[in-house]
Amino acid sequence: MKTVICSLIFMFVGQQSVAQSTPVWAEKTPSIGAIETIPNGLQSKTQLEQLREIGEALFTAQFTDQDGAGRPMATQAIIPTKPRRELRQAFARTSGMDANACSSCHNQPFDGGAGGFVANVFLSEGFNNHEFDTTDPEFSNERGTNHLFGAGLIELLAREMTAELVAQRTNALSKARENGQATRVALVTKDVSFGYITAMPDGMVDLTELDGVDTDLVIRPFSQKGVMTSLRQFTVNASNHHHGMQASERFGARWTGETDFDEDGYADEFSPADVSALVAWQASLPAPTVWQPSDNAWQDAARKGAEYFDDFGCTSCHRTALPLDSLHFYDPGPVDAAGTLNKHDVANPAIYDLSQLDWVNSLEQNEQGQFMVPLFGDLKRHKITDPENDLLGNELFSQRFVGRDIFMTAELWGVGSTAPYGHRNDFTTLDTIIRAHGGSAKPAKDAYTNAQEEQRSAIVAFLKTLRIEVAE
Amino acid sequence: MKPIFALVSLIIASPTFAQSEFLGDVPHFVEQSEIAGINHQYRGPFEYFVGGGAASFDCNNDRMNDLFIAGGEMPAKLFRNTSKAGQDITFSEQPISVTGEISKVTGAYPINFDNDEHMDLMVLRVGQNQILRGLGNCTFAKANDHFLFYGGDAWTTGFSAIWERDATNPTLAFANYIDRDAPGSPWGTCEDNVLARPNADGNYDQNQPLSPSFCSLSIMFTDWNNRGNFDLRVTNDRQYHRGGYEQLWNLNSGGRPEQFDARDGWQKLIIWGMGIAQTDLNADGRPEYALSSMGDTMLQTLDEDAEDDRPIYRDMAYERAATAHRPYQGDDLKPSTGWHTEFADFNNDTRPDLYIAKGNVERMPDFAEIDPDNLLMGLPNGKFSEQGGAAGIALPRRGRGAIVEDFNADGMLDLLVVNREEPVSLFRNLGRKTDWGYTPFGNFLAVELRNNDVNRNAVGAKISVKTGNLTQTHTVQIGGGHASGRLGFIHFGLGVAERAQVRIKWPDGDWSQPYRVFANNFVVLDRDDPDAKYWYPAR
């Protein structure tokens with residue numbers, strides 16, 4: 001694989017590399033800058049594959065000082081923020097930078113996957129007390145590393161859901177204005193309910209009955225809290241936080257007046273094209289599958305477990321599948337706010353037709369021709385603790401307006417390949433993480449704990465068939 | 001990634017270095033007063049060399065700000081905003097039906113005198129000033145008698161209002177210019193400014209002269225020391241006063257007004273003062289002031305020797321590259337003439353920009369004849385960069401008053417300029433110009449405050465918007481600028497921030513809880529409601 005990537009990079013860089021006489025052993029990442037312009041328009045399968053190769057090379061690259069890794073004068077914050085003085089050490093396992101490569105943490109069972117407890121990340125907003133050196137939850141929230149398989153489909157679902165919710169709000173406002181009366185509407189998309197809004201004739205909207213979504217009705221599908229809008233936003237955030245590789249689309253001169261915001265001597269460390277390559281690779285990672293064990297007893301238990309999973313109410317949040325209308329992944333996308341490129345920031349966004357990828361053939365289609373994305377999630381936030389069960393309420397900070405006891409439903413596809421469990425990766429078995437559910441998951445959890453041992457075992461058998469089977 | 005040394009050498013070698021200092025988004029404006037249906041001029045003889053203001057406010061409760069524009073010797077006009085969100089700006093001229101035509105108007109400010117649902121107007125005139133009481137649906141009635149308000153007979157050029165502590169009705173301040181009936185007029189014959197405090201019944205039956213006065217052109221209540229008590233800042237025109245200077249009146253928390261003077265550290269400054277703007281550049285609660293003049297614009301900040309009772313200011317216009325002292329394009333090197341001045345974030349990058357209307361008074365040969373308006377864009381280092389030409393607002397017109405407003409609710413601030421003897425300019429802000437069209441700037445937030453039954457629009461409230469480590473503050477004000485004012489949504493640029501926390505210090509000093517809101521929304525914060533509500537314009 002590495003040989004292929006190197007060949008491809010040389011193909012992109014071509015004569016330029018030769019002219020610069022950069023030796024092949026240089027301590028730099030050749031995939032940075034391998035594409036000079038951001039891709040645009042519908043990409044052929046070959047073009048997408050080439051982008052993916054670059055993206056994978058970037059995802060697995062061990063970034064070096066000479067790439068611009070390090071952020072001596074920038075904190076981990078998503079808004080470009082300078083510390084009062086230069087950070088004392090380049091690497092810090094707590095406040096970051098804390099990884100050499102994306103794949104340093106995202107690697108189970110393959111690159112792009114999840115991480116074990118050792119790969120937990122410590123989240124702080126990065127504004128005050130940004131240089132903490134303790135894992136005490138008083139200073140940060142500790143989170144496990146999520147896998148990225150099927151992430152392109154997740155983002156596409158979120159975009160469609162956002163568009164539907166916004167359309168419902170627009171329609172409610174139109175009706176209220178037309179009829180001169182308050183209009184209360186249920187917000188439902190892909191059969192997932194997000195509460196109610198009440199539109200007033202004067203254009204005001206009462207948001208107090210919203211449930212599980214931000215007040216701007218944007219479904220933010222990524223991170224344990226559901227606070228990241230897109231793979232692109234996540235990539236820009238994480239590149240700075242974990243590697244000190246700053247994307248110019250947020251840390252560059254347009255917003256900060258500087259090309260080297262982190263003052264490490266390297267300007268524009270990640271170009272928009274670099275970010276696009278990373279996004280292309282992540283967005284096209286294959287979706288996890290339901291694995292068929294060869295063991296007959298496991299097969300039988302898993303089949304029953306799937307039924308129990310439904311019967312016990314687990315699927316009320318861990319929805320078996322959500323329908324997706326289109327497999328066209330636009331990058332930059334339609335929802336991101338300023339600071340992450342969105343479709344308005346480019347002349348012609350790239351379109352990755354995911355149907356060109358072989359793994360997409362395994363997706364079932366419903367009668368309407370929609371692709372059923374088997375994520376075992378609902379892209380909605382729920383309260384997950386209650387007074388009797390606060391095991392998952394172990395954070396002290398809310399994150400981006402989301403309370404400490406509220407989390408996005410974990411998508412369970414791939415859960416059989418990504419132990420340990422829970423947002424802190426501190427549950428070693430599926431049984432214990434199920435028992436840790438509280439809050440709105442209490443009825444399902446109670447059904448599980450009150451079930452017979454055989455039934456509980458069957459559910460575990462089922463969940464262990466939700467696997468990330470192949471990397472490519 | 002590029003090693004930084006390569007970039008540095010490129011910049012040094014480039015002859016366009018000076019032009020490329022501003023690396024952010026330059027707003028691109030197009031003048032579309034004709035499309036908008038605004039055909040209006042501010043005209044008239046000597047009395048109308050100054051003034052030329054407008055008021056922006058919502059007179060029909062649709063949250064899209066409408067316009068009242070002074071006409072000088074011509075009638076003032078009222079324009080109802082008919083724009084749809086994100087579309088061309090459009091207005092519909094509407095008669096001020098109950099009152100008929102009003103002429104001799106120099107400027108106007110919106111204000112809700114009686115705390116009802118309808119905004120009122122204070123109309124400044126050469127002659128009797130006039131309260132227009134809003135009746136709804138953009139109709140008004142003359143209401144001086146209703147409020148027992150004596151409008152005087154002065155040549156009024158500035159206005160400000162504040163609800164002093166525990167008052168149910170506003171205290172009013174009027175900036176008056178020349179006493180044109182005095183012997184020797186116009187030189188050295190300045191009319192006294194006036195302070196009008198309401199009596200217990202809410203009426204204005206006694207006006208208090210603020211003597212001495214020095215031919216004032218703008219006036220503004222301001223909490224300069226962040227103590228919660230508003231004093232009165234006045235800018236004065238040295239062209240006509242004799243022995244005058246810039247003034248700050250200590251209102252003594254509702255007591256007898258007294259001037260701050262040298263004993264208090266107030267330094268004598270003599271300029272052709274024409275407009276006042278305030279903002280809080282360093283979010284320390286104590287505002288900085290821009291004073292427009294002929295020649296240098298002043299940018300004042302409290303000196304390190306200042307104290308709560310010692311208003312010692314120093315000018316930092318030069319160090320911040322904000323002097324704007326002569327035209328930035330063309331070959332006319334004579335000093336320019338500044339009028340309306342206002343801080344606002346025109347490109348949503350979180351940094352205050354400074355707009356200054358410019359224009360020769362009337363064939364004054366020692367000052368620039370072609371004098372384009374300034375758009376000084378805020379830089380990350382606190383300096384400003386002139387981008388008026390690149391932004392498209394450098395028309396050869398004689399600007400006077402102005403309104404900065406998001407007329408079409410697209411999250412980008414537009415600009416209306418009242419020009420003397422020339423058509424009003426209405427600049428629609430289209431955003432950042434690219435090869436593939438116009439694209440939005442950074443994120444924004446628009447905030448509307450609803451106070452309780454007194455001072456509904458929360459004049460005097462302080463809004464703090466926090467994104468990351470950055471706090472932006474804004475004081476809701478009536479006054480300042482040049483004969484022009486506005487009330488309505490208050491615009492904040494949020495840059496790359498997706499969300500913000502907002503806290504309000506209400507006019508009575510109470511702090512709100514933090515409101516958590518998402519960017520790119522119009523947010524209504526009601527004092528009695530713990531939850532922010534969002535407003536969506538009609539499309």
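This is a predicted model: local features need pLDDT of at least 70, side-chain atom pairs count only at pLDDT 80 or more; totals for chains, interfaces and linings use all residues.
**Entry 1**

I found 63 residues of domain 1 of chain B in contact with 34 residues of domain 2 of chain B. I then listed the elements on the side of domain 1 that touches domain 2: β3 (54–57), β7 (105–111), β11 (156–162), β15 (216–222), β19 (275–279), β23 (338–344) and β27 (399–405) of chain B each supply at least two residues. The element that gives the most to this side is β11(B), with six residues. By residue type, I recorded 28 nonpolar, 25 polar and 10 charged residues on this side of domain 1 of chain B.

I noted the bounds as well: domain 1 of chain B covers 31–439, and domain 2 of chain B covers 445–535. The centres of these two domains, taken over C-alpha atoms, are separated by 21 Å.

**Entry 1: the domains of chain A**

I turned to chain A, which is divided into domain 1 (1–146 + 226–285 + 334–356), domain 2 (151–206) and domain 3 (289–325 + 370–467).

**Entry 2: where chain A meets chain B**

Next I looked up the contact between the chains, in which 40 residues of chain A touch 41 residues of chain B. Two or more residues of the chain A side come from each of α4, β6 (204–206), α7 (253–256) and β7 (266–267) of chain A. I noted that α7(A) gives the most, with four residues. The chain A side divides into 16 nonpolar, 12 polar and 12 charged residues.

β6(A) pairs with strand β40 (residues 533–535) of chain B in the antiparallel sense, over two bridges. Within β40(B), I identified B:Trp535 as the bridge partner of A:Met204.

**Entry 3: the largest nonpolar core**

I found 257 residues in the largest nonpolar core, and those with the most contacts inside it are A:Leu157, B:Ala54, B:Ala108, B:Leu445 and B:Val447. The element that gives the most to this core is α4(A), with 11 residues.

**Entry 4: an annotated span and one leucine**

I consulted the UniProt record, an unreviewed entry, in which the annotation "domain: Cytochrome c" covers residues 300–467 of chain A. I noted that this span is 23% helix and 14% strand, and that its end C-alpha atoms lie 17 Å apart.

I then examined A:Leu463, which is found in helix α12 (residues 453–463) of chain A. Is A:Leu463 buried or exposed? I recorded A:Leu463 as buried because it has 24 C-beta neighbours inside 10 Å, and the cut-off for a buried residue is 20 or more. Leaving aside neighbours within four places in sequence, A:Leu463 is in contact with A:Leu412, A:Val415, A:Gly416 and A:Leu430. I also noted A:Gly305, 158 residues away from A:Leu463 along the chain, with the two C-alpha atoms separated by 7.9 Å.

Terms used: Residues are numbered from 1 along each chain as its sequence is written. Chains are lettered from A and ligands numbered from 1 in the order in which they are written. Domain bounds come from an automatic or database domain assignment. Two residues are in contact if their C-beta atoms, placed from the backbone, lie within 7 Å. Ala, Val, Leu, Ile, Met, Phe, Trp, Tyr, Cys and Pro count as nonpolar, Asp, Glu, Lys and Arg as charged, and the others, Gly among them, as polar. Two strands pair if DSSP finds at least two bridges between them. UniProt positions are given in the numbering used here, feature names are shortened, and annotations may be inferred rather than shown by experiment. A nonpolar core is a set of buried Ala, Val, Leu, Ile, Met, Phe, Trp, Tyr and Cys residues joined through C-beta atoms within 7 Å. A residue is buried if 20 or more other C-beta atoms lie within 10 Å of its own, exposed if 12 or fewer, and partly exposed in between; C-beta atoms are placed from the backbone.
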